[in-house]
Amino acid sequence: MVGLTAAAVLAKQGYGVTVIDARPNAPVWQREQYDQRVVALTRASQQLLQQLGVWDGIALRRLSPYTAMQVWDGQGSGAIRFEAAAIAEPDLGHIVELSAIEAALQAVLQQQQVSIRRGRKLSRAEPGGDAIRLTLDDGQTLLAKLLIAADGAQSGLREQAGIALHEHDYDHHALVAQIHCEQPHQQTAWQRFTEHGPLALLPLADAHQCSIVWSQPPAQTEAALALSDEAFSAALTHAFEGRLGALTVQSKRLSFPLKMRHAERYLGERLLLLGDAAHTMHPLAGQGLNLSLADVVALQTVLATAKQRQLDPGLRAVLRPFERARRADNTLMLAVVGGFRTLFARTEMPAVMARNLGMSLLDEHVHAKAWLTRRALGLR
């Protein structure tokens with residue numbers, strides 16, 4: 001999605017763009033059922049997608065706005081609630097299916113006549129002079145001023161460029177599934193910090209449907225995957241303290257390991273790392289894709305300047321402002337999320353009491369909550 005969004009941005013700016021996609025086919029959005037994977041999009045991400053004409057395509061499929069966020073500590077009494085009405089906003093964001101975003105992006109790229117090479121892999125990337133020569137696995141060659149690596153957390157292009165990666169295993173696996181709630185979700189995103197990790201319920205368009213992201217150590221996740229649907233639903237309801245009545249799983253359960261990754265640098269010779277190829281983080285703040293789309297906005301700015309001044313868009317000097325800005329912002333966000341992860345993982349009583357007191361005090365501080373809410377929306 002991040003690579004396709006960047007392609008749409010650059011095509012709109014007048015650059016010639018080719019997308020190389022190893023997948024033979026794009027995921028298909030289905031009206032009859034929700035995706036296994038959904039994301040929370042902030043207002044800043046929404047504005048980018050609106051500029052590109054992508055947001056309307058997502059809305060034609062399915063959007064799930066949420067107007068409140070309720071967070072509480074399962075090991076104490078600390079709780080905090082954020083509401084869109086408190087900052088005069090219509091919502092705090094939208095829960096969107098990955099396939100809906102990609103389908104809307106594909107439609108825009110088709111209108112822009114962007115070339116997409118499907119079922120193709122990059123065999124070699126050879127920078128030299130004023131271009132980089134790309135050889136595909138079918139023998140075709142391409143010349144480009146800039147190669148954008150949006151090939152995910154296991155980025156082969158990052159490895160080929162010899163860019164070092166800082167990694168930290170959160171010792172958590174995220175379990176995702178679609179569930180039915182006995183009581184309506186009230187357009188609220190819910191998150192309880194359990195003794196093993198955060199459990200999030202993300203509200204979908206149906207008032208009784210949610211997507212869950214349950215982050216726990218690998219042993220607990222494996223045990224949850226091994227349960228029958230009935231036993232898992234009972235365990236889930238208990239872990240959520242029954243706040244929305246009985247919770248019933250309605251899909252397969254999937255899991256994936258969680259790691260913090262951060263590339264030592266975002267630039268190589270005529271190469272730029274984008275999205276998960278540059279950074280990944282714990283999903284407890286729901287900011288992963290939004291950080292990546294903020295990367296795209298920063299890239300949009302520097303390449304618009306290059307276009308205006310007729311500069312070579314692949315030059316490191318042109319791209320350095322992108323790297324400085326995004327690496328600083330992403331480093332801060334990774335540190336904050338890592339800090340929250342560590343804080344809520346602690347079970348000794350002084351730490352529990354301190355974080356519960358902090359949550360309660362913050363919940364009473366109207367101006368601080370409003371500032372945090374605007375930051376989370378990307379409004380600053």
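Two strands count as paired if DSSP finds at least two bridges between them. In this predicted model, strand 17 and strand 20 (residues 279–280) pair in the antiparallel sense over two bridges. In that pairing, histidine 262 stands opposite histidine 279 of strand 20.

Strands of a sheet pair through backbone hydrogen bonds, either parallel or antiparallel. Strand 17 (residues 254–263) also pairs with strand 12, in the antiparallel sense, over 10 bridges.

Leucine 199 has tryptophan 214 of strand 15 as its bridge partner. A hairpin of five residues links strand 14 to strand 15.

| Strands | Bridges | A bridge pair |
|---|---|---|
| 18 and 19 | two | leucine 267 and leucine 272 |

Is strand 15 (residues 209–216) mostly covered or mostly open? Eight of its eight residues are buried. Both faces are covered: Gln209, Ser211, Val213 and Ser215 lie on one side, and Cys210, Ile212, Trp214 and Gln216 lie on the other.

Another sheet is open and has three strands, in the order 11-19-18, with mixed pairing. Strand 11 (147–149) and strand 18 (267–268) stand at its edges; each has a single partner strand, so one side of each is left without a neighbour in the sheet. Strand 18 runs antiparallel to strand 19 (residues 271–273), and two bridges join them. Leucine 267 has leucine 272 of strand 19 as its bridge partner.

## Two cysteines without a bond

A disulfide is a covalent bond between the sulfur atoms of two cysteines. How many disulfides does a search of the whole structure find? The search finds zero.

The cut-off for a disulfide is a sulfur pair within 2.5 Å. Seen from cysteine 210, the closest cysteine sulfur is that of cysteine 181, at 3.7 Å. Cysteine 181 has 0% relative accessibility, so it counts as buried. Cysteine 210 also has 0% relative accessibility and therefore counts as buried.

## Empty space

Rolling a probe the size of a water molecule over the atoms shows where empty space is left. A search of the whole structure finds one cavity of 30 Å³ or more. The largest cavity holds about 40 Å³ of space. Its lining consists of Met1, Thr5, Leu41, Leu49, Ile101, Leu289 and Leu293. By class, six of these lining residues are nonpolar, one is polar and none is charged.

The second largest pocket has a volume of about 200 Å³. Among the residues that line this pocket are Tyr34, Asp35, Arg37, Gln178, Gln209 and Ser251. Its lining has two nonpolar, seven polar and two charged residues.

## Helices and a loop

Helix 8 (residues 288–309) has 22 residues, so at 1.5 Å a residue it should span 32 Å; its end C-alpha atoms are 33 Å apart, which agrees. Just after helix 8, glutamine 310 takes a positive phi of about 60°.

Serine 228 lies in the loop between helix 6 (218–226) and helix 7 (229–239). Is serine 228 buried or partly exposed? Its relative accessibility is 37%, so serine 228 counts as partly exposed. The C-alpha atoms of serine 228 and isoleucine 116 are separated by 42 Å, and the two residues are 112 residues apart along the chain.

How values were computed
Residues numbered from 1 in each chain as written. Predicted model: local features only at pLDDT ≥ 70, side-chain atom pairs only at ≥ 80, totals over all residues. Heavy atoms only, no water. Helix = DSSP H or I, 4+ residues; strand = E, 2+ residues; numbered from the N terminus. Expected span 1.5 Å × (residues − 1). 1 Å grid on protein atoms, 1.4 Å probe; cavity = no way out; pocket = protein on both sides within 12 Å on 5 of 7 lines; lining within 4 Å. Points joined across faces, edges and corners; volume = space filled by probe spheres on them. Nonpolar A, V, L, I, M, F, W, Y, C, P; charged D, E, K, R; others polar. Buried < 20%, exposed > 50% of the residue type's maximum accessible area, 1.4 Å probe, protein only.
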